[in-house]
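Welcome! Take a moment to look over the sequence and the 3D view, and then we will walk through a few spots together.

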Amino acid sequence: MLSPAPPTLSDGTKVVDLVNVNTREVQMRALSDPELYELEMERIFGKIWVFLGHESEIPNSGDFVTRDMGSDSVLVTRDKSGEVHVLLNLCTHRGMRVSTLDAGNTQIHTCIYHGWAFRPNGAFLGAPVEKETMHGKMMSKEELGLKKARVTLYGGLIFATWNIDGPSFEEFLGDAKWYYDILFKRTDKGMEVLGPPQRFTVRANWKAAGEQSAADGYHTLTLHRWLGEVGNYSKKGEGEGSGGDLSPEMYGVEVSSPHGHALRCIDLGRKIRRMTGLDPDVLSVDEKLNALPPAGMTKEMVEQLKRNLTPEQLHVQTSMPPQVGGIFPNVLFGFVYIPQADGSVVGSMTMHAYVPKGPDKLEFVNWIFAEKDAPQELRDKMLRQTIQLFGTSGMVEQDDSDTWPHMTLAAKGAQGKKMTLKYQAVYETGAPKGWPGPGIVNEGFTKDDTQWHWWLYWRQLMGDAV
């Protein structure tokens, strides 16, 4: 019996051949091809775990928000028992969207077209004029409910997949979970969102943003050079060469995953020395945590870390803590320190999703978080400063969202689509001595490995024979 062939595009190109494993190159057409986009909606967003939001966005029974899983609109709901559901936002009668709202509260979701009604768990209630049985008798009410995704909550984050019998969420995260726990499961009460997520549209292919979210540190040196030159971020006189050099910030530990997840772990000792004037080499774990609490926490909260993290995780948190990275395929997170004019430090906790809206359009969605028991004054500062830096009008995002459309346009050119994205700066170091965490770990100046593993997993998902 012949095995099914891997997918081939209409011009005869095999999808797997778009990624050259030997030379670590990706053909530019991957950022523009409409055929690829349709395959991605089936093979990536239709199969793996997709981030949709946080449970604190729907705290009450009947609360719901409307989100997207690839090209499909879904309802994220909470029922009377408190369970969270993810439902295809498509009426099982004639295909109208069940809800056209961004968010709301209701115990009955009613389609405006013919009035079919559904519970927050997706169960079909009935149609108007019940005695006439307008839903027919060919299918039972149980068969007419909304299509349901498989859901998991992780540190309050909501993930869902259409692959009902596929890998578990823990299997999907793999070794990266050990590091993500340091960020998302570090406190007793967990995180909550600071208001609805911000959103704006970018005329770019989602992968231009998605692959950058896989811990691309290198672009910070050039695209975000101003971070080393302006105001409280200025590093003039600290770098190698003329003022504002960010290259010292590019050294650290990077973690790659066979599933495309990625983390950049940045030297905390350097930050302690710069921001507090203390010598990190003579400080204990407790003294480091008190000198510079993790981004988004106060000194009064650090005791919770010992209850929620292992000693090995605390070692990483107080030496090379994860601060930026991504969750495949389209999520970026940042838990970063923002210096203040008075010498203090405010943490930022944010997550971005780059939601595909077509081969050359994405929706940038930005969530801002705080720990639930963080003081109100700290929450207010975190919200304001995160919006200024990483929000839809933030200084960092103005830089990033300018490059992705140019890349997408270039990928449409007759010659441009034949060119390649290159990931040829390769780590040759391995993990630091005594590093306790799992995964593909390397130390030193940032390289291309994390993004390359992102593309390798994309190739695997897109190229597998069905």
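## About the model

This is a predicted model, in which local features need pLDDT of at least 70 and side-chain atom pairs count only at pLDDT 80 or more, while totals for chains, interfaces and linings use all residues. Residues are numbered from 1 along each chain as its sequence is written, and side-chain values use heavy atoms, with hydrogens and water left out.

## Two buried loop residues

Let us begin with Thr446, found in the loop between strand 22 (440–445) and helix 11 (449–463). Helices (H or I, at least four residues) and strands (E, at least two) are DSSP runs, numbered from the N terminus. Thr446 has a relative accessible area of 4% and is therefore buried, a word that means under 20% relative accessible area with a 1.4 Å probe and protein chains only. The side chains of Thr446 and Glu254 are joined by a polar contact of 2.5 Å. A polar contact is a pair of N or O atoms within 3.5 Å; within protein, one must be able to donate a hydrogen and the other to accept it, and residues adjacent in sequence count only if both atoms are side-chain atoms. Not counting residues up to four places away in sequence, Thr446 touches Gly217, Tyr218, Met250, Glu254, Arg264 and Tyr427, where contact means heavy atoms within 4.5 Å.

Next comes His219, in the loop between helix 4 (206–212) and strand 15 (251–256). His219 counts as buried because its relative accessibility is 15%. Its side chain makes a polar contact of 3.2 Å with that of His224. Leaving aside neighbours within four places in sequence, His219 is in contact with Gln212, His224 and Asp400.

## A strand with two partners

How many of the seven residues of strand 5 are buried? Six of them are, so strand 5 (residues 72–78) is largely enclosed by the rest of the structure.

Strand 5 runs antiparallel to strand 4 (residues 63–69), with six bridges joining them, and also antiparallel to strand 6 (residues 84–88), with five bridges. Two strands pair if DSSP finds at least two bridges between them. Val76 of strand 5 is the bridge partner of Val65, and Val76 also stands opposite Val86 in strand 6. The hairpin of strand 4 and strand 5 has two residues between the strands, and Gly70 takes a positive phi near 65° there. In the hairpin of strand 5 and strand 6, with five residues between the strands, Gly82 takes a positive phi near 95°.

## Enclosed spaces

The structure holds three cavities of 30 Å³ or more. On a 1 Å grid over the protein atoms alone, a cavity is a set of points where a 1.4 Å probe fits but cannot get out, and lining residues have an atom within 4 Å of a point. Grid points are joined across faces, edges and corners, and a volume is the space filled by probe spheres set on the points.

The largest cavity has a volume of about 740 Å³. Of the 38 residues that line the largest cavity, the closest to its centre are Thr220, Leu227, Val324, Val336 and Phe390. Strand 18 (331–339) gives the most to this lining, with seven residues. The second largest cavity has a volume of about 50 Å³, and its lining includes Leu183, Arg186 and Tyr337.

How values were computed
Buried means under 20% relative accessible area, exposed over 50%, partly exposed in between (1.4 Å probe, protein chains only). On a 1 Å grid over the protein atoms alone, a cavity is a set of points where a 1.4 Å probe fits but cannot get out, and a pocket is an open set with protein on both sides within 12 Å along at least five of seven lines; lining residues have an atom within 4 Å of a point.
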